[in-house]
Amino acid sequence: LIKEPRKKAEDISVVYELKEKLGEGSFSEVRVAQHRRTQRLVAVKCIHKRALKGKESLLENEIAVLRKIDHTNIVSLEETFETPTKLYLVMTLVTGGELLDRILERGNYTEKDASRVIHQVLEAVKYLHQLGIVHRDLKPENLLYESPLEDSKIVISDFGLSKMEEQGALSTACGTPAYVAPELLQQKTYGKEVDLWAVGVISYILLCGYPPFYDENDTKLYKQIIKAEFEFDSPYWDAISDSAKDFISHLLQKDPEKRYNCEQALKHPWISGGAALEKNIH
Ligand code: ADP
Ligand code: MG
């Protein structure tokens with residue numbers, strides 16, 4: 001019943017032909033790969049172990065957790081391969097493209113559409129939190145449409161070896177802190193709440209097209225985030241429902257203890273009820 005992808009000691013290149021690069025991070029790259037026998041295409045995340053030196057046992061734990069993830073809004077881990085220097089995570093290839101690109105291409109787009117996207121993200125995050133996983137790196141680039149179909153579902157693509165990438169992620173975060181919660185920036189202890197903050201930032205962007213916290217000067221940007229200082233600026237937000245604003249305000253809440261958790265967010269009328277408007281917002 002429980003999906004447990006097998007770990008292969010054989011060389012991945014015997015089984016898959018690695019093809020073009022889809023993305024690149026500090027510890028890893030993601031490529032398209034084709035199964036040599038079946039011709040089926042997959043996405044392979046290749047992680048350089050040297051970046052994780054001294055933490056190999058942590059890595060084993062994280063992979064064990066990733067293997068258990070089985071949710072309709074999270075990309076599936078199919079199998080893993082390992083060499084002394086690299087770890088390969090074979091994932092289902094999704095083909096619908098990134099969230100923001102698709103929204104920008106669409107002629108019309110409503111609050112209801114944004115609410116449907118956020119609903120799926122919250123269901124996935126709730127599931128991760130129940131497994132004790134904090135994603136820590138939720139942002140639009142990590143939210144992909146499964147297929148090019150109009151009614152395609154959204155999947156979280158980045159397994160983000162969250163604990164493993166601790167140091168790296170923090171320094172990356174300091175490069176682009178747009179989605180980072182105040183308590184993370186202040187290097188306080190943090191928990192699941194940081195993911196709900198990120199959902200608040202993503203919701204804000206989906207409704208107006210620009211981020212809630214922005215300054216060319218990083219120090220000023222940090223200050224804005226630490227104070228949770230944002231506005232629903234006129235005229236951009238004038239036609240957006242009070243319900244949407246109320247929802248976002250509960251997520252972009254500076255105090256993690258007062259911030260909505262997944263259950264509360266899922267119960268909000270903008271997500272679960274009919275409060276999201278059906279009129280075009282761009
Ligand atoms: P990183 O840690 O480098 O951010 P991600 O897992 O987010 O790694 O992948 C980087 C990029 O690769 C994503 O933004 C996405 O465009 C692409 N990608 C990742 N996983 C898949 C997948 N399963 N199918 C298709 N594209 C993917
Ligand atoms: Mg990513």
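Predicted model: local features only at pLDDT ≥ 70, side-chain atom pairs only at ≥ 80, totals over all residues.

User: How do you know what span to expect of α7?

Analyst: The expected span is 1.5 Å times one less than the number of residues. With 16 residues, α7 has an expected span of 22 Å, and the helix reaches 23 Å from its first C-alpha to its last, which is close to that value. Just after α7, G209 takes a positive phi of about 90°.

User: How does the span of helix α4 stand against its expected value?

Analyst: Helix α4, residues 111–130, has 20 residues and reaches 28 Å between its first and last C-alpha atoms, close to the expected 28 Å. The residue G132 follows α4 and has a positive phi, near 80°.

User: Why is L122 called buried?

Analyst: L122 has 26 other C-beta atoms within 10 Å. The threshold for a buried residue is 20 or more, so L122 is classed as buried. L122 is located in helix α4, whose buried residues also include V117, I118, V121 and V125.

User: Which residues does L122 contact beyond its neighbours within four places in sequence?

Analyst: They are V199, C262, A265, L266 and I271. A contact requires C-beta atoms within 7 Å. For the pair L122 and V199, the C-alpha atoms are 7.8 Å apart, although 77 residues separate the two in sequence.

User: What makes a group of residues a nonpolar core, and which members touch the most others here?

Analyst: The members must be buried, must belong to a set of residue types that includes Val and Leu, and must be joined through C-beta atoms within 7 Å. The largest such core has 62 residues, of which V121, V199 and L251 touch the most other members. Helix α7, residues 193–208, supplies the largest share of this core, eleven residues. In soluble globular proteins, nonpolar side chains tend to be buried together.

User: Which residues are in contact with L251, leaving aside neighbours within four places in sequence?

Analyst: L251 is in contact with L196, W197, V199, G200, S203, R259, Y260 and A265.

User: Is Y260 buried or exposed?

Analyst: Y260 has 22 other C-beta atoms within 10 Å. Y260 lies in the loop between α9 and α10, and its contacts beyond four places in sequence are L196, H250, L251 and A265.

User: Why is Q39 called exposed, and what class does A228 receive?

Analyst: Q39 has 8 C-beta neighbours inside 10 Å. A residue with 12 or fewer is exposed, and Q39 is therefore placed in that class. A228 has 18 other C-beta atoms within 10 Å, a value between the two thresholds of 12 and 20, so A228 is partly exposed. Q39 lies in the loop between β3 and β4 and has a positive phi near 75° without being a glycine. A228, in the loop between α8 and α9, is not a glycine either and has a positive phi of about 55°.

User: What makes the peptide bond between S234 and P235 cis?

Analyst: Its omega is about 0°. P235 is found in the loop between α8 and α9.

User: Which residues come nearest to ligand 1?

Analyst: They are L22, G23, G25, A43 and D158, out of 19 residues around the ligand. Strand β2 contributes the most to this shell, with three residues. By class, the shell has eight nonpolar, six polar and five charged residues.

User: How confident is the predictor in the chain and the complex?

Analyst: The chain averages a pLDDT of 87, and 90% of its residues score at least 70. Over residues 164–175, however, pLDDT stays under 50. The complex receives an ipTM of 0.95 and a pTM of 0.88.

Definitions and conventions. Residues numbered from 1 in each chain as written. Chains lettered and ligands numbered in written order. pLDDT = per-residue confidence, 0-100. Contact = placed C-beta atoms within 7 Å. Helix = DSSP H or I, 4+ residues; strand = E, 2+ residues; numbered from the N terminus. Near = placed C-beta within 6 Å. Nonpolar A, V, L, I, M, F, W, Y, C, P; charged D, E, K, R; others polar.
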